[in-house]
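Please view the sequence and the model below before reading on.

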Amino acid sequence: MTIAIYPGSFDPITLGHLDIIQRGSRLFAKVIVAVSRNPQKTPLFSVEQRMTQIQDATVELTNVEVDSFDCLTVTYARSQGAKVLLRGLRVLSDFEYELQMSHTNKSLWSDVETVFLTTSNEYSFLSSSLVKEIARFGGTINHLVPPTVARDLKNVLL
Ligand code: ADP
């Protein structure tokens, strides 16, 4: 049974993230979406809010779980019995950072494998920061994020 961890900030989850989660859930026995508690970042939503948003968006995916972690990604993966890290690739600039992270994680735990899924075309431009920027100026975001996130963004930013 291959368990994959999909780690990230998810501040907030977008339809691009959700697409990776849906496709990952068809490839692996279980996908754990893991929100990183990174004290160096100042997120818009708390970890608990982000977890609720992800739970709402993935409620129909029975092999998807939501969790958070505040240690090295490989330490967390090992604690969950997972040897696969799932990541999404949008553009060339993602690749440089992702390649570095994948080598770093491998150097910390040689058993771990990072599996990349390329973004679906329609979401290749989409990022959490972009969504927040649009929402701040009152633009339409309903086609970019799950309904719970659209509601939360309106409540927080408008
Ligand atoms: P991090 O801070 O770890 O990069 P993010 O929430 O920004 O966290 O992203 C988590 C993962 O999801 C990364 O692998 C990122 O490349 C991927 N991702 C983000 N947006 C998209 C998208 N629109 N399509 C595919 N993958 C995406």
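A polar contact is a pair of N or O atoms within 3.5 Å; within protein, one must be able to donate a hydrogen and the other to accept it, and residues adjacent in sequence count only if both atoms are side-chain atoms.

## Basis of the model

The model is predicted: local features need pLDDT of at least 70, side-chain atom pairs count only at pLDDT 80 or more, and totals for chains, interfaces and linings use all residues. Residues are numbered from 1 along each chain as its sequence is written, and side-chain values use heavy atoms, with hydrogens and water left out.

## Contacts with the ligand

Tyr 6 places a polar side-chain atom 2.7 Å from an oxygen atom of the ligand. The ligand alone exposes 560 Å², of which the protein buries 88% (areas by the Shrake-Rupley method with a 1.4 Å probe).

## The surrounding shell

The ligand is surrounded by 17 residues (each with a heavy atom within 4 Å of it). Tyr 6, Ser 9, Lys 41, Gly 88 and Tyr 123 are the closest. By type, the shell holds 6 nonpolar, 6 polar and 5 charged residues; Asp, Glu, Lys and Arg count as charged, Ala, Val, Leu, Ile, Met, Phe, Trp, Tyr, Cys and Pro as nonpolar, and the others, Gly among them, as polar.

The ligand sits in the largest pocket, meaning that more than half of its atoms lie within 2 Å of the grid points. A pocket is an open set of points on a 1 Å grid over the protein atoms alone, where a 1.4 Å probe fits, with protein on both sides within 12 Å along at least five of seven lines; lining residues have an atom within 4 Å of a point. Strand 1 (3-8), helix 1 (15-27), strand 4 (84-89) and helix 4 (92-108) each give two or more residues to the shell (DSSP runs, at least four residues of H or I for helices and at least two of E for strands, numbered from the N terminus).

## Recorded sites

An unreviewed UniProt entry lists Ser 9, Lys 41, Thr 73 and Arg 87 under "binding site". The lining of the largest pocket includes Ser 9, Lys 41, Thr 73 and Arg 87.

Ser 9 is placed in the loop between strand 1 and helix 1. Phe 10 lies in that loop and has a positive phi of about 50 degrees, although it is not a glycine. Pro 12 is also in the loop, and the peptide bond from Asp 11 to Pro 12 is cis, with omega near 0 degrees.

Definitions and conventions
UniProt positions renumbered as here; feature names shortened; annotations may be inferred.
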